[in-house]
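Here is a short briefing on one model. It covers confidence, a helix pair and a chain contact.

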Amino acid sequence: MAERVYLDNAATAPLDPRVALAMRPYLDPVFGNPSSLHWAGREARAGLVAARSQVARLLRAQPEEIVFTGSGTEADNLALVGVIEALGQHENHLITSSIEHPAVLETCRYLERRGVEVTYLPVSGEGLIDPADLARALRPTTRLVSIMAANNVVGTLQPIHELGRIARERGVLFHTDAVQAAGKIPLDVGAQGIDLLSLSAHKLHGPKGVGALFVRQGVPIGPLIHGGGQERGLRSSTENMAGIVGLGCAAEIAREEMSSEAARLVNLRDQIIEGVTAETPCTYLIGHRYRRLPGHICLGFSGLEGEAIKLLLALDEAGIAVSSGSACSAHHVGQSSYILEAMGLDAIRARGSLRVTLGRFNTETDVASFLRALPEAVRTLRPTSSYASPSPQRGAGNEPDRR
Amino acid sequence: MNLTAADLPGLDCGVCGFRTCAALAERLPSDPDLLKRCIYYGAERKTSGPTGPLVQLAEPAPKHTGAGTPQPAPGETVWQDSLGRDFDFFLEHFPSEPGPREIILPHNPLLTRELEIKVGDTLIGRPLGMSCGCPITHCGVVMQVDSRTGIIVWCVTGPMRPRQEGFKDLGYYSAEAYEGLITKARAEIKIGLRYFFQPTRCMLQWRHSGLVNYVNRTPQGTQVRLEGLWIG
């Protein structure tokens, strides 16, 4: 059996054994309902309180500003629908970007069907939003701006500080989907002007099935799930205690190890970028060279874009797990990526990307394995694009940020 | 370009590939191109305090009470009242209003109806006994009236207004709540906690205490409501 290397940490990151250890008591001995007043409830409640503080510290927020949810997607839905419905205005305008995760885009489309006007901001060839575009798009009826902190396909980091400042100056609430960014880059909801922020545990080596939404005190928001009034009435249902404790522990580890881990991942990332472009000349990097998540690489292959899925399968056969575009779009592998199209890539190139994402448990050995396997996998493919050569001259065509 | 670690954002985030800003700064003289790797350079401020950037947290002030104690340097914030007692924040009034906003209840709530108190009236009265025991007669202009409960929201003004415009006399009242802005604090402001604070317009510059039961961070500062008021 081939050696197994996992390089798809943006899809989900393996559970950190320290997180698993923290969660274990909450699967059995600490079984209480944190809403109960007796000893069993008190034991569980202590875990809930601690986890809330741990998540708050990661964002430099207050514990009472953290609402636990069932996922990052739920947190996004709660932020957008919860705020728009709570405001109860007759005319509502919302601004987002054209490269958001479907958790935001599909929620926007739901809101559009309910009469909300939505503006989708364009992005540059590197996947960046121009803050001037946001300033121009704001209207008197704009209630909310939702821009992701880091893109899930390309890894581009948005100028959240600048975008948040513009929204705040105009008195408009600012939400960021930080599912990919939380725990990987510093987030400071106060300094960055963030009113709402979504995150997910399993992207930071925590468990699946739990997320959180930061809601700044005073922000009007209503629940999507009604019931017993847990989470300050914003997310009724008995708390997923093991998951929440796992999220808290994962957030704490990410915060404590962020600077050393980010620096380590950037070095591994650069080894891949430099190694791939040296060994496989038809490769180009998609997105900004530096303004990207520490462990995130998105690659295109000139002339082989139509073969990206075969490339992924060839790497899988070699034991290397990577992603084509986004794991969330695994059900739509035949389609081009709307994110890459928004960045100006043509339809062929937009369906041919490979996403390689590093995590806490990847090592230089994994990088070496990938760098050995990729050229061999590429050699097995046939070019399918009639107009593109597998070895184009550098600078030719519209390949973004080729190195 | 001669940049030092102090010129860099100070986040020590590692996103540039160096563990600390100091480590990046060390390499910059020999390789200035590395600055491109700092995505926060020139863009992001240093981290805020845990309560966000709208309340500027200050260092604890040195103690100086009574005669012979050190005097504050010019511009230094003194976190003690005129009787040398510590407090945690200054309470300012909302800039759009004529003075500090208070929610008051006449000791005889029926006065609200008997005196036909309405928005814009000028009132005088003293906050007797409980809540909050100040010996000074206050003057203010009415912002809201609830004739059912007798509760009045007023903004406290100086004594010139009643002299110039006339007034209605409440006699004694209870100050039930203060609402205002915190622009300077040396403690985290948390809902549900009781604080010592200094209303900036207090004639005696005595500290007050109260329970924060509403917090809203705005570009102008942190809006709070304080109840359970007491002097000292």
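This is a predicted model: local features need pLDDT of at least 70, side-chain atom pairs count only at pLDDT 80 or more; totals for chains, interfaces and linings use all residues.

Residues are numbered from 1 along each chain as its sequence is written, and chains are lettered from A and ligands numbered from 1 in the order in which they are written.

**Confidence**
- Residues 384-403 of chain A also stay under 50, with 37 contacts beyond four places in sequence.
- Chain A has a mean pLDDT of 90, and 91% of its residues reach 70 or more.

**Helix pair in chain A**
- The axes (lines fitted to C-alpha atoms over the stretch in contact, with angles from 0 to 180 degrees between N-to-C directions) of α2 (residues 39-59) and α7 (residues 241-279) of chain A come within 8 Å and cross at roughly 35°.
- Helices are DSSP runs of H or I, at least four residues, numbered from the N terminus.
- Contact residues include A:Ala44, A:Gly47 and A:Leu48 of α2(A), and A:Met241, A:Ile244 and A:Cys249 of α7(A).

**Contact of chains A and B**
- The contact takes 29 residues from chain A and 27 residues from chain B.
- On the chain A side, α6 (160-169) and α7 are the elements that give two or more residues.
- α7(A) gives the most to that side, with 9 residues.

Terms used
Two residues are in contact if their C-beta atoms, placed from the backbone, lie within 7 Å. pLDDT is the predictor's confidence in each residue, from 0 to 100.
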